[in-house]
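I opened this model to look up a few places by hand. These are my notes, in the order I made them.

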Amino acid sequence: MEDSRIIELYWERDERAISQTEKKYGKYCHSIALGILRNELDAEECVNDVYLRVWESIPPHRPDRLPSFIGKITRNVSINRYIRNRAQKRNGFTEVIFDEVAEIIPDPQSASDAMDDQILSDAINAFLATLPKRTRIIFVRRYWYMSTVADIADTLGLSESNVKVTLLRTRKKLRAYLLKEGINV
Amino acid sequence: MKKEKMIRAIGKIDDKYIEEAAAPTATRRIGKWIKPVSIAACVCLMMSAFSLWMFLPIDQSPPDVSEYAGTTYYGLIQTLNELTHQKPGAENNWQLFSDAIRPIRREPAKDGAAVEEMASGANGAASGNEYHEVTDNQVAGVIEADIIKRSDSHIFYLNGDMLIAYSIEGEQSEKVGSFLIESTQDQYFYGGKIEMYLSADCKTLTVVLPYSSKQNGAMIELISLDVSNPASISRKDTVRIRGSYLSSRMVNGELLLISNFRVNSEPDWNDESTFLPQIDTGEGYKSIPVENIICPETPISAKYTVICRFDASSLDLTGQSAYLSYSEDVYVSQNSVYVTYSYTEQSKDSEGVVTTRSKTEISRLFYAGEGLEHKGSVTVDGYIKDQYSLDELDGILRVVTTTNQSQYLERTDKNNGSVSADVILGAEETGTSASIYCLELSDMTVRAKVENFAPRGEIVQSVRFDGTAAYVCTAVQLTDPVFFFDLSDLDNITYKDTGTIEGFSSSLINLGEGYLLGIGVGESRSTVKVEIYEEGKDGVESVCKYEYPYSDYSTEYKAYFIDRENNLFGFGIYQSSGRVDNGQRYVLLHFDGYKLNQIVSEELGGWLEAHRAVYIDGYFYMLGGEDLVVKKIG
């Protein structure tokens, strides 16, 4: 079913919207959730939450790109779940990604007012626009999709060390970029 | 909290970037327990029938391919059928029932990518007609591809997939033309490292374009471009080869292209593209003839190393061969291609002590005659770092490896059958070290060797051969000895070393007259170090060094500018320290016989591994990204 028709079903409050979403994007959502939570049960529960959130979001939203819209909700739900779970059980894999992201923060000790989230996101978008396509894909697959280095290397036909070096340099460049823009986190 | 804020901010990036990076998802949910067969009213009869069914053996043999008997490739099909067959993993249905977890499979990404628009360039003079080598080739006369080539009058530089032509006019140099390198046939998801060759008359550039496409998977295109007028570059011919690009060389006007082709995990024997390497020279894809496929005695991998030979100017296919074996690093001498792959060998003694060792198989494929001839294979201990770890001289192949051995005691729990392993620490022969092997090429046997010459725990960081001398830098964490080997008398190989020096060299470059240049890291991983060594009577000494604190550099050898005649050495660095960001620069050092002096330090864009430089008539040209920076250095 076309995305536009699925969105119409949401607006018509027709519950077939959820079953169609599950049919078309179930695996996609599951892969994002599993990538972050690394636990099958948690991932399944998250994906069920996602369907509810999407139902509650459309309307009023009418997304231009349904897969990205659903993907973002899935990511947020999964990260919330991860943070909640962290107290009880650490997921070493996702924690590594959190630690990598910490390297980007220009001044982690700063007590000054942190920038608005949207300004930070806008800055990251502007930075991503400056990157070569391959580098951008590696960065997004690691820090948005939370893919493993091995998966990224395998998908793009690169060596793992190549991916690691690219990520390290891109984090440093983003950090420098945020510093130059005067952005605090 | 800040980490979480950053993670969430990244979550809000533009949809286009999210979709650009998306890959097909093929996650398979972890399987649930298979529900057992239901049992009818007569329990005993059904239980017996059930038991019989549960313990019936599952057929482990590969599919029957006898229907292809009589076809040209039948022998090969039989071999590949064995190699690609995936056994069920259970001997009977009871084991299958007990097997709770199935592996998660991932499919290769095959998303398409938008084709970029072509760029245009300004007017410029015709290309000069004298070729100048700018790449520091490993073997004399065996030209390596690179992202920079030059003629008398122009420099050609690849900025990713954009070819740029610059005039050579000192500080008045400028961009005169450009050309977007892309496949005209496939919508490709990703382009790998693109590199090129310039013909001897400087009128033709041959570009190697590796990529992955939705329809065809891993592909390579050879694209020849007319650069006789760099202001108006045009495409001439295109050749397509199925497979992933490994390496290439230009020798005596012939282009050797070396690639890997992987047989599909479930090949369709009626479709040759699923199990045979194929090449399209403009008349459709054709499979490599069966007589040109070499099968080793014991093939272990359904993956070919493919070597194609092309006329450098016309791209006419002049030869093609495939060797049914996996390849990682490749070394090309003036007459042979050496392909290598590494694996781990495991053995267990009667007391349950398991020993694992790294091994490398090296196969020699002779290309100097017609076609390709397999001259034999040999296995050595350890694994190879890169192409510079091998060198052929006077019928002997010298190889340096990092050896790696570990031992552990395997214990089986008698109650539940689980197996655990206790690493045996302190065993004398465990851990890493370095070895050098000299192989007799006439019969591919080990003629001489020095094994485990480095202190335990060290690994090979860089190797360089120079005639009968070999230089090896090993390191553990942040200290390195550099070893100088004298291989002139294989019955009496001698060596000396520097002792422990802070940092290590990831690349070693011989400067002649007993001097060696090392580029690597200093006392901390964030310090880039350039050091010059000199071979003395009793050992090897450090002459001088130059360090860049809080810096990063590229280990790509071709990104270094090496001018032995003028003792000039250049490369890119990225320097930042806390709040101080000196950014990315290109630096040039001069060795005056006593010390290293920095004579150039200029901001340069692009990625460090893609930085290149050329020294022409007193001017130093630095290229990176879209930048061309020229400095007069006299």
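**Entry 1: chain B overall**

I note at the start that this is a predicted model. I counted elements in chain B and got 5 helices and 44 strands. Next I looked up burial. Of the 634 residues in chain B, 50% are buried. I then checked how far along the sequence the contacts reach. I took the contacts in chain B between residues at least 6 apart in sequence, and 54% of them join residues at least 24 apart.

**Entry 2: where chain B meets chain A**

How much area is buried between chain B and chain A? I got about 5,300 Å², with carbon and sulfur atoms giving 57% of that area. Chain A puts 65 residues into the contact, and chain B puts in 44 residues.

Which elements of chain B give two or more residues to the side that touches chain A? I listed helices α1 (2–11) and α2 (15–20), and strands β6 (188–191), β37 (551–553) and β40 (580–591), each of chain B. The largest share of that side comes from α1(B), with 10 residues.

I also ran the salt-bridge rule across the interface of chain B and chain A, and it finds 5 salt bridges. One of them I looked at by name. Arg65(A) and Glu19(B) meet through their side chains, at 3.2 Å from N to O.

**Entry 3: Ser121(A)**

I picked one residue on the chain A side. Ser121(A) belongs to helix α6 (residues 117–130) of chain A. Is Ser121(A) buried or exposed? Ser121(A) counts as buried because its relative accessibility is 0%, and the cut-off for buried is under 20%. I then asked what Ser121(A) touches. Setting aside neighbours within four places in sequence, I find contact with Ala9(B) and Lys12(B). The Ser121(A) side chain also reaches the backbone oxygen of Ala9(B), at 3.2 Å.

**Entry 4: strand β12 of chain B**

I moved to a strand. I looked up its partners. Strand β11 (residues 244–251) of chain B runs antiparallel to β12(B), and 7 bridges join the two. Within this pairing, Ser244(B) has Asn260(B) as its bridge partner. The hairpin of β11(B) and β12(B) has 2 residues between the strands. There I noted Asn252(B), which takes a positive phi near 50°.

β12(B) also pairs with strand β16 (residues 303–311) of chain B. This pairing is antiparallel as well, over 9 bridges. What stands opposite Leu257(B) in β16(B)? I found Cys308(B) there.

**Entry 5: Asp316(B)**

Asp316(B) lies in the loop between β16 and β17 (317–323) of chain B. Asp316(B) is partly exposed, at 47% relative accessibility. Leaving out residues up to four places away in sequence, Asp316(B) touches Arg309(B), Phe310(B) and Asp311(B). I also logged a polar contact between the side chains of Asp316(B) and Ser314(B), at 3.1 Å. Val239(B) is 77 residues from Asp316(B) along the chain, and their C-alpha atoms are 8.9 Å apart.

**Entry 6: Thr135(B)**

Thr135(B) sits between α5 (93–98) and β1 (143–144) of chain B. Thr135(B) is buried, at 7% relative accessibility. Which residues does Thr135(B) touch, not counting those up to four places away in sequence? I listed Glu144(B), Asp146(B), Ile148(B), Lys149(B) and Lys558(B). I also took one distance. Thr135(B) and Tyr560(B) are 425 residues apart in sequence, yet 9.3 Å apart in space, C-alpha to C-alpha.

**Entry 7: cysteines**

Cys473(B) is buried, at 0% relative accessibility. Cys295(B) is partly exposed, with a relative accessible area of 38%.

Definitions and conventions:
Residues numbered from 1 in each chain as written. Chains lettered and ligands numbered in written order. Predicted model: local features only at pLDDT ≥ 70, side-chain atom pairs only at ≥ 80, totals over all residues. Heavy atoms only, no water. Pairing = 2+ DSSP bridges. Helix = DSSP H or I, 4+ residues; strand = E, 2+ residues; numbered from the N terminus. Buried < 20%, exposed > 50% of the residue type's maximum accessible area, 1.4 Å probe, protein only. Polar contact = N/O pair within 3.5 Å; in protein donor to acceptor, adjacent residues only side chain to side chain. Contact = heavy atoms within 4.5 Å. Buried area = accessible area lost by both parts, 1.4 Å probe. Salt bridge = Lys/Arg side-chain N within 4 Å of Asp/Glu carboxyl O.
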